[in-house]
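User: I would like to check some of the labels used for this model against their cut-offs. Please take them one at a time.

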Amino acid sequence: MTSEPPERPEPPGERGAPVGRRIFLGTLGLGALGVLAAPTLQRGLEAFLGSAADKDPTGLTGLLPNGGGFRYYSVAASVPHKNATDYRLTVDGLVDHPASYTLADLRALPQTRMVKDVQCVTGWRVPGTPFEGVRLSRLLDAAGVRAKAGAVRFSCFDGTYTESLTLDQARRADVLVALRMQDKDLEHAHGGPVRLYVAPMYFYKSAKWLSGITVTEDVHPGYWEDRGYDVDAWVGRSNGRDDAPTS
Ligand SMILES: Nc1nc2c(c(=O)[nH]1)N[C@H]1C(S)=C(S)[C@@H](COP(=O)(O)O)O[C@H]1N2
Ligand SMILES: [Mo]
């Protein structure tokens, strides 16, 4: 059988073809370096799991402590850690009241919890995963979205990843600025302390390490969308897939 190039690009390590032993060992080497260099062992472990799970052809990293059926993805080589002291979420663009939220600010707002399946566009699915946080619609209402606005653009403190939604999508009740996942504070590997959670869409919409919400006139395609994924990423109704809907 000949292999054709994939119809659309896939996140590294997500391709069906086996990853060479050399690449995997190379990744393990980097992970070990991370453990040595990191100020805490936990941080090193997360970095190790984050990079190793991404490229693991054996699936064995999924058996390690904080795997839980998820694969960890980051398009950035390294991502700074942010905590209650230095984390900020800005809301700006076409709004009457730009804002900057601390983690405490976000925790003080009403929290919404929902439990739904997570579906990655490359095929893996994790059943019944609790997410909890502030409805994005609440932050948009507080900001006072201007009449000519039509979309929302998200940026991340990894410095690279972006996402976007139409305003109607962003205002859905099942779209959260998530502070918790699996009933724990979001860990760094999963995009902590704050990530976007777009329940009805493929998981690439759920931008990790969320740092900015900018209200815009039109949708700006996000990182993976510039590389071929659908902008309207409804689970089961996009990207040529027929997965069962998640929300
Ligand atoms: N900042 C950022 N967010 C991101 C990504 C990323 O690489 N960087 N990957 C996306 C993809 S393709 C998926 S499947 C999920 C993976 O989330 P997880 O690492 O918590 O499993 O995050 C999404 N959000
Ligand atoms: Mo993904």
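User: Which residue of β6 stands opposite valine 152?

Analyst: Valine 152 stands opposite leucine 165 in β6. The model is predicted: local features need pLDDT of at least 70, side-chain atom pairs count only at pLDDT 80 or more, and totals for chains, interfaces and linings use all residues. Residues are numbered from 1 along each chain as its sequence is written, while chains are lettered from A and ligands numbered from 1 in the order in which they are written.

User: What makes β5 and β6 a pair?

Analyst: Strands are DSSP runs of E, at least two residues, numbered from the N terminus. Two of them pair if DSSP finds at least two bridges between them. Five bridges join β5 (residues 151-156) to β6, so the two strands pair. They run antiparallel.

User: Why are β2 and β6 said to stand at the edges?

Analyst: The open sheet has the order β2-β1-β10-β5-β6, with mixed pairing. β2 (99-101) and β6 (162-166) each have a single partner strand, so one side of each is left without a neighbour in the sheet.

User: Why is glutamine 119 called buried?

Analyst: Buried requires 20 or more other C-beta atoms within 10 Å of a residue's own, with C-beta atoms placed from the backbone; 12 or fewer is exposed, and in between is partly exposed. Glutamine 119 has 22, so it is buried. Its place is in strand β3 (residues 112-119).

User: Which residues does glutamine 119 contact, leaving aside neighbours within four places in sequence?

Analyst: Contact is defined by C-beta atoms, placed from the backbone, within 7 Å. Those in contact with glutamine 119 include Arg125, Tyr202 and Val235. The C-alpha atoms of glutamine 119 and valine 235 are separated by 7.2 Å, and the two are 116 residues apart along the chain.

Terms used:
Helix = DSSP H or I, 4+ residues; strand = E, 2+ residues; numbered from the N terminus. Contact = placed C-beta atoms within 7 Å.
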